[in-house]
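Have the 3D view open and follow along.

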Amino acid sequence: MKSGQFVGGPQVAALEEAFAQYCGAAHATATNSGTSAIHLALLAAGVGPGHEVITAPNTFVATVEPICYCGATPVFADIDPVSFTLNPGRVESAVTERTKAILAVHLHGHPADMDPLAGIARRRGLALVEDAAQAHGARYKGRMAGALGDLACFSFHPAKNLPAIGNGGMVLASDEEGHAACQILRNHGRRTWDMAEVVGYNYRMDAIQAAVLNLRLPELDASNARRRAHAERYFERLAELPLRLPRESGDVEHVFNVFSICTGRRDALRRFLDERGIRTDVFYPVPIHLHRAYEHLGYAEGDFPEAEAYCRETLALPMAPDLTDDDIDDVCDAITLFVEQADGASS
Ligand SMILES: *Cc1c(COP(=O)(O)O)cnc(C)c1O
């Protein structure tokens, strides 16, 4: 605050350098949110009116909005029922003449299956963009989320694995050209103070958020390790119950921004836990193609059976680095009791 540098400046530049290095990416542009990071990445990928961008229906609306900001059309492809991320086969069949990019969501911190997606992108001449808003520190075949596509987008919203004390985001770019586009568009389309080269945006990060993130970035690995330890405890305690637990695909390191189980009795279990003071969440109850705002795209219920089943059954159990083993055990005890009572009632 004494420096008087409130927007952009050395704290933001230091964060860009440190975060790019952490992810093993070439270039970074800090932004004022994850949503604007996705918007910049799509613009940098050349997405514009008349184009289509393929993404998953089971995500936060912020994945899809920026496609529309670009004047392009969101096209959904169904997910793989184990990783809950884009099914590359479905993506392949959704590609048309108008497709410009694939926007892969690393849902809940589990990286999408990027190698086959990169293969499709290469063969069809598409950009591959990561929505890594929930996946800081996740790994895919030894490589970090953020360095798996042409461009990658992060959020530093307080609910994410690397939390600011407000909004913030980042675009990582693998090439100079994409990076330059992000830099110019973030700052009112200007390369120099006096001249707007293109119509840009005010998507700059506040220095106070960068200062907080510079302090927190060195703690990210330890905090992800706590999340993974909690997940391990859930796996051990819940393995025998009739629930579908999240799974790590081979050679993936999940960072569990959310620990989400699937059960056909989702709403009953949620009420049962709520009555015992255990707060759960549902990310996300309605797939994007069934939101009112996206009716004009012309999709209907039944179009994406795996994503729709996921949205019907998903339940996010308590997950945060500062939970204790006892907290996790309390949740597992309550879920076990729910299953026993349900079994008793049905026998
Ligand atoms: C949080 C989130 C975003 C948007 O990030 P904001 O910083 O809230 O704008 C985008 N995509 C996904 C998958 C998210 O979880």
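Helices and strands here are DSSP runs, with helices at least four residues long and strands at least two, numbered from the N terminus. With those names in hand, keep in mind that what you are looking at is a predicted model.

Let's begin with the ligand. Which helix gives the largest share of the shell around the ligand? That is H2, with three residues. Helix H2 spans 34–44, and along with helix H3 (61–69) it belongs to the elements that each supply at least two residues of this shell. The shell counts 15 residues, and those that come nearest to the ligand are Gly34, Thr35, Gln134, Ser155 and Lys160. Sorted by class, the shell holds eight polar, five nonpolar and two charged residues.

Now zoom in on individual atoms. Thr35 has a side-chain N or O atom 2.5 Å from an oxygen atom of the ligand. Ser155 also faces a ligand oxygen atom, with a polar side-chain atom 2.6 Å away. How much of the ligand does the protein bury? Taken alone, the ligand exposes 380 Å², and 94% of that is buried by the protein.

Rolling a probe the size of a water molecule over the atoms shows where empty space is left. The ligand takes up the space of the largest pocket, whose volume is about 810 Å³. This pocket has a lining of 41 residues, and nearest its centre lie His157, Pro158, Ala159, Lys160 and Asn257. Two or more lining residues come from each of H2, H3, strand E8 (151–155), helix H8 (220–238) and strand E14 (314–317). By class, the pocket lining is made up of 21 nonpolar, 14 polar and six charged residues.

Finally, turn to the backbone. Most residues other than glycine have a negative phi, and most peptide bonds are trans. Where does this chain depart from that pattern? One place is the peptide bond between Phe283 and Tyr284, which is cis, with omega about 10°. Tyr284 sits in the loop between helix H9 (266–275) and helix H10 (305–313). Another place is Lys141, a residue other than glycine with a positive phi, near 50°. You will find Lys141 in the loop that lies between strand E6 (139–140) and strand E7 (143–144).

Notes
Residues numbered from 1 in each chain as written. Predicted model: local features only at pLDDT ≥ 70, side-chain atom pairs only at ≥ 80, totals over all residues. Heavy atoms only, no water. Near = heavy atom within 4 Å. Polar contact = N/O pair within 3.5 Å; in protein donor to acceptor, adjacent residues only side chain to side chain. Areas by Shrake-Rupley, 256 points an atom, 1.4 Å probe, with all protein chains shown as cover. 1 Å grid on protein atoms, 1.4 Å probe; cavity = no way out; pocket = protein on both sides within 12 Å on 5 of 7 lines; lining within 4 Å. Sits in = over half its atoms within 2 Å of the grid points. Nonpolar A, V, L, I, M, F, W, Y, C, P; charged D, E, K, R; others polar. Points joined across faces, edges and corners; volume = space filled by probe spheres on them.
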